[in-house]
Amino acid sequence: PVAPIEELMTVGTLRALTQAQVDEGDGAAARRTLERIDGILAAHPRRPTACVQLATPELYRSMAAAEVSRIESPDVDAWAYIESHAIWAHWELYAAARKAEAMQQVGNPDAGTALASAKERARGLSSGWIAGLLDDLD
């Protein structure tokens, strides 16, 4: 049997898998992975507030759900939540980029401002791949 902490640690890997599935356009697989995350969290209602990865399983779950929203329905609030709760600067910046993208998709008039802010932050962090993602949104 797998120890609860080991199973909870897989949630971070599953979050990354969800992102890859969305990037490949496989919404059904991404949705199944999110459901797998939900199953793990439901199976372990008592868990530490942080795993070895330093992020809570709930944060990883929120990130996976935000990724799924990229295919199903843009969710500005989901990305704003990730941006404000990110534990690493590149996660915060990635969430800011995806939030700007979602804002564009829903026709939010502040999307241009959000995009410009994210671009400035990407330059400050020298994050080339996120800067490229942001350039694609122009």
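Biologist: Which helix gives the most to the lining of the largest cavity?
Modeller: That is H5, with four residues. Helices here are DSSP runs (H or I, at least four residues), numbered from the N terminus. Keep in mind that this is a predicted model, where local features need pLDDT of at least 70, side-chain atom pairs count only at pLDDT 80 or more, and totals for chains, interfaces and linings use all residues. Residues are numbered from 1 along each chain as its sequence is written, and side-chain values use heavy atoms, with hydrogens and water left out.

Biologist: Got it. Which residues line the largest cavity?
Modeller: The lining is made of Ser69, Arg70, Pro74, Trp79, Arg98, Glu101, Ala102 and Gln105. Helix H3 (57–72) and H5 are the elements that give two or more residues to it. A cavity is a set of points on a 1 Å grid over the protein atoms alone where a 1.4 Å probe fits but cannot get out, and lining residues have an atom within 4 Å of a point.

Biologist: And how much space lies in the largest cavity?
Modeller: About 30 Å³, counted as the space filled by probe spheres set on the points.

Biologist: Switching topic: how many aromatic pairs does a search of the whole structure find?
Modeller: Three. Rings of Phe, Tyr and Trp (its six-membered ring) pair if their centres lie within 6.5 Å, and planes over 60 degrees apart count as edge-to-face. One of the pairs is Tyr60 with Trp91, edge-to-face at 5.6 Å centre to centre and 75° between the planes. Tyr60 lies in helix H3 and Trp91 in helix H5, so the pair ties together parts that are 31 residues apart in sequence.

Biologist: Is Trp91 buried or exposed?
Modeller: Buried, with a relative accessible area of 8%; buried means under 20%, exposed over 50% and partly exposed in between (1.4 Å probe, protein chains only). Tyr60 is also buried, at 5%. Trp91 forms an edge-to-face pair with Trp88 too, at 4.6 Å and 85° between the planes. Trp88 counts as partly exposed, at 31%. Ring pairs link Tyr60, Trp88 and Trp91 into a cluster.

Biologist: Nice. Which residues are buried in helix H7?
Modeller: In H7 (residues 128–137), they are Ile130, Leu133, Leu134 and Leu137. Down the helix axis they fall within an arc of 95°, so they line one face of H7; the arc is that of the directions from the axis to the C-beta atoms. Gly128, Trp129 and Asp136 are exposed on the other side of H7.

Methods:
On a 1 Å grid over the protein atoms alone, a cavity is a set of points where a 1.4 Å probe fits but cannot get out, and a pocket is an open set with protein on both sides within 12 Å along at least five of seven lines; lining residues have an atom within 4 Å of a point. Rings of Phe, Tyr and Trp (its six-membered ring) pair if their centres lie within 6.5 Å; planes under 30 degrees apart count as stacked, over 60 as edge-to-face and the rest as tilted.
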